[in-house]
Amino acid sequence: LASGDWHFQAFSKTGQRREIEESVAAYQCAVQLYPNSGLYRAKLAEAHWAAGDQAEFRREAETALELDHTTPHIDRKLPAPLRDRLLKGLDRNL
């Protein structure tokens with residue numbers, strides 16, 4: 001997760017395609033290890049959005065929001081700003 005965050009931050013500053021590709025790969029590894037983490041899937045969704053992969057963004061965002069909705073654990077809910085970004089992205093991606 002930390003590696004994905006670092007590469008996403010580097011991409012945000014440099015715009016280098018390699019950085020967003022590394023971010024996606026790192027988040028995919030995190031999701032493979034923790035497939036029921038809404039947060040990890042939400043971060044992967046945002047990385048796909050930044051990479052221009054709208055289909056994968058939609059798939060991961062929908063899964064992240066479903067996991068967020070079904071978890072009874074308040075400490076595992078998505079942060080409101082992240083949830084809002086996913087919802088806005090899904091609205092634009094119709």
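A crossing is left-handed if the near helix is turned anticlockwise from the far one by less than a right angle, and right-handed if clockwise.

## How helices α1 and α3 meet

By that test, the crossing of α1 and α3 is left-handed. Their contact (heavy atoms within 4.5 Å) is made by Asp 5, Phe 8 and Phe 11 on the α1 side, and by Lys 43, Glu 46, Ala 47 and Ala 50 on the α3 side.

What angle do the axes of α1 and α3 cross at? Roughly 30°, and the axes come within 11 Å. Axes here are lines fitted to C-alpha atoms, for helices over the stretch in contact, with angles running from 0 to 180 degrees between N-to-C directions.

## Where the model comes from

This is a predicted model: local features need pLDDT of at least 70 and side-chain atom pairs count only at pLDDT 80 or more, while totals for chains, interfaces and linings use all residues. Residues are numbered from 1 along each chain as its sequence is written, and side-chain values use heavy atoms, with hydrogens and water left out.

## Two helices, end to end

Helices are DSSP runs (H or I, at least four residues), numbered from the N terminus. The expected span of a helix is 1.5 Å times one less than its number of residues. Just after α1 comes Gly 15, which takes a positive phi of about 75°.

Helix α2 (residues 17-33) has 17 residues and reaches 25 Å from first C-alpha to last, close to the 24 Å expected. Quite a list of its residues is buried, including Ile 20, Val 24, Tyr 27 and Val 31; buried means under 20% relative accessible area, exposed over 50%, and partly exposed in between (1.4 Å probe, protein chains only). Among what covers these buried residues of α2 are α1 and α3.

## Around His 48

His 48 sits in helix α3 (residues 38-51). Is His 48 buried or exposed? With a relative accessible area of 5%, His 48 is buried. Leaving aside neighbours within four places in sequence, His 48 is in contact with Val 24, Gln 28, Asp 53, Glu 56, Phe 57 and Glu 60.

Phe 57 is buried too, at a relative accessible area of 2%. Trp 49 counts as partly exposed, because its relative accessibility is 30%.

## Aromatic pairs

Rings of Phe, Tyr and Trp (its six-membered ring) pair if their centres lie within 6.5 Å; planes under 30 degrees apart count as stacked, over 60 as edge-to-face and the rest as tilted. How many aromatic pairs does that rule give? The count is two. One is Tyr 34 with Tyr 40, edge-to-face at 5.7 Å centre to centre and 85° between the planes. In the pair of Trp 49 and Phe 57, the centres are 4.8 Å apart and the planes lie at 65°, so this pair is edge-to-face.

The axes of α4 (residues 54-70) and α5 (residues 80-92) come within 10 Å and cross at roughly 135°. The crossing of α4 and α5 is left-handed. Residues making the contact include Phe 57, Ala 61 and Leu 65 of α4, and Leu 86, Leu 87 and Leu 90 of α5.

Arg 76 is found in the loop between α4 and α5, and at 60% relative accessibility Arg 76 counts as exposed. Not counting residues up to four places away in sequence, Arg 76 touches Asp 68 and Thr 71. The C-alpha atoms of Arg 76 and Ala 2 are separated by 17 Å, though the two are 74 residues apart along the chain.
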